[in-house]
Amino acid sequence: MKIVEVIADRNYQVVIGGNGLSEIKRISSEHRKVLIIAPSSLLKLSKIKESGNISIFVAPEGESQKSLKVLERVWKKCASVGLERTDAIVGVGGGATTDLAGFAASTWLRGIDWYAIPTSLAGMVDAAIGGKTGLNASGGKNLIGAFYSPRKVLIDIDFLRTLPHRDLNAGMAEVIKCGFISDYKILNLVQDDVLDFEQLIHRSVKVKAKVVGKDFKENKLREVLNYGHTLGHAIEKDSKYRLRHGEAVSIGMIFAAELSKDLVDLDVDVVDLHRTLSINFKLPVSYPKGRLKYLMNLLVQDKKVKSGKLRFIGISKIGKPVWLEDVSSRTISRVYERICK
Ligand SMILES: NC(=O)c1ccc[n+]([C@@H]2O[C@H](COP(=O)([O-])OP(=O)(O)OC[C@H]3O[C@@H](n4cnc5c(N)ncnc54)[C@H](O)[C@@H]3O)[C@@H](O)[C@H]2O)c1
């Protein structure tokens, strides 16, 4: 078992390698009442049942649970169960579920305790870490939300056994990102014949925890976690979410690396390593040529755009993120040529 301490609005531990069911038992012994939020697929897989002081809210699958309508149903459940200030919510599922659970906890009675038990790789290394919680609004993804840290994040690696390969590979994109922005050892570990998930998750969580500990509310430093995400988000949206987040980030990282080669002399071998690792995990490495003009429209809506100027996170070498400010559309078009099909 490995533990990472996160310092944020409240300090908490990420425990890697525990058993999900026994953790729920322990949480229920520490609170008068506990409400578990999980999609039905995960409830079946994890054999979690209502008993004693544990109630369950069955969430819809995937992104559809991150809506105000579902949140309202969660609030109704909180009321019917009689959740009080000292009670707790536990989110068991992928990133969508822990985003919903955390936001529900932040809003019920002005904030009650919550715990995250992420079951997807993307959830374990990214979504459940760092205290960002939220829902989608009609105007866009993750527009509603709160920075609200959990009491604990409990990672049971056994959940990965049932995760579809495509989702596992998509989660690897975030692991690889942590390697490029901070921890080169991750980039060696992901090339092993047999992957040591406990170590990969531990190292990735440490990268995120370190950044979040210094910049919880994303004033600047936390932006480094968005390596590959500026173009990645635009691609994800342009693909109408047919591409998984991690798949879009894979293309976005290759673009960011190519951009870094031109603007801050990133070594060509490091750029090539991006492609090699993505291909190893069956992640996409290119996007259609004709989509650039649509992507440009989406890029200007990115959170990191300041005064209309396009900004990207790049790396000058492995472990050295840099801010690429005011990148011209000419540069973007030129670099896009190298990642399009
Ligand atoms: N809060 C943050 O900082 C943050 C960061 C990154 C992503 N996110 C959010 O996370 C979400 C993406 O996360 P995701 O990829 O986990 O998606 P997800 O939660 O939609 O899960 C994908 C699918 O996998 C299923 N699943 C999860 N674990 C499983 C398991 N062990 N076995 C079998 N099936 C399993 C889920 O039920 C779902 O159908 C997005 O909504 C994104 O916005 C949040």
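Modeller: Ala, Val, Leu, Ile, Met, Phe, Trp, Tyr, Cys and Pro count as nonpolar, Asp, Glu, Lys and Arg as charged, and the others, Gly among them, as polar. What you see above is a predicted model, where local features need pLDDT of at least 70, side-chain atom pairs count only at pLDDT 80 or more, and totals for chains, interfaces and linings use all residues. Residues are numbered from 1 along each chain as its sequence is written.

Biologist: Thanks! How many polar residues does the shell around the ligand have?

Modeller: There are 28 residues around the ligand (near means a C-beta atom, placed from the backbone, within 6 Å). Eight of the shell residues are nonpolar and seven are charged. The polar residues of the shell number 13.

Biologist: Which helices each supply at least two residues of that shell?

Modeller: Coming nearest to the ligand are Gly94, Gly95, Ala96, Ser120 and Ala127. Helices here are DSSP runs of H or I with at least four residues, strands are E runs of at least two, and both are numbered from the N terminus. Those that each give the shell at least two residues are α2 (40–46), α4 and α5 (121–127).

Biologist: What is the bridge partner of Val4 in β2?

Modeller: Strands β1 (residues 2–6) and β2 (residues 12–16) run antiparallel and share five bridges. A hairpin of five residues links β1 to β2. Val4 has as its partner in β2 Val14.

Biologist: And at β4, which residue stands opposite Ile37?

Modeller: Strand β3 (residues 34–39) pairs with β4 over six bridges, in the parallel sense. The residue of β4 opposite Ile37 is Phe57.

Biologist: How many nonpolar residues are in the contact of α3 with α4?

Modeller: Helices α3 (residues 68–81) and α4 (residues 95–107) have axes 10 Å apart at an angle of about 55 degrees, which makes α3 oblique to α4 (under 35 degrees is roughly parallel, over 145 roughly antiparallel, 65 to 115 roughly perpendicular, the rest oblique). Val70, Leu71 and Val74 of α3 meet Leu100, Phe103 and Ala104 of α4 (contact means C-beta atoms, placed from the backbone, within 7 Å). The contact has no polar and no charged residues, and the nonpolar ones number six.

Biologist: Is α10 roughly parallel or roughly antiparallel to α11?

Modeller: The axes of α10 (residues 245–264) and α11 (residues 268–280) are 9 Å apart, at an angle of about 170 degrees. That angle makes α10, relative to α11, roughly antiparallel.

Biologist: Last one: which residue in the turn between β10 and β11 has a positive phi?

Modeller: Strands β10 (residues 312–317) and β11 (residues 320–324) run antiparallel, joined by five bridges, and Ile313 stands opposite Trp323. Two residues lie between the strands of this hairpin. The one with a positive phi, about 90 degrees, is Gly319.

Key: Axes are lines fitted to C-alpha atoms, for helices over the stretch in contact, and angles run from 0 to 180 degrees between N-to-C directions. Two residues are in contact if their C-beta atoms, placed from the backbone, lie within 7 Å. Two strands pair if DSSP finds at least two bridges between them.
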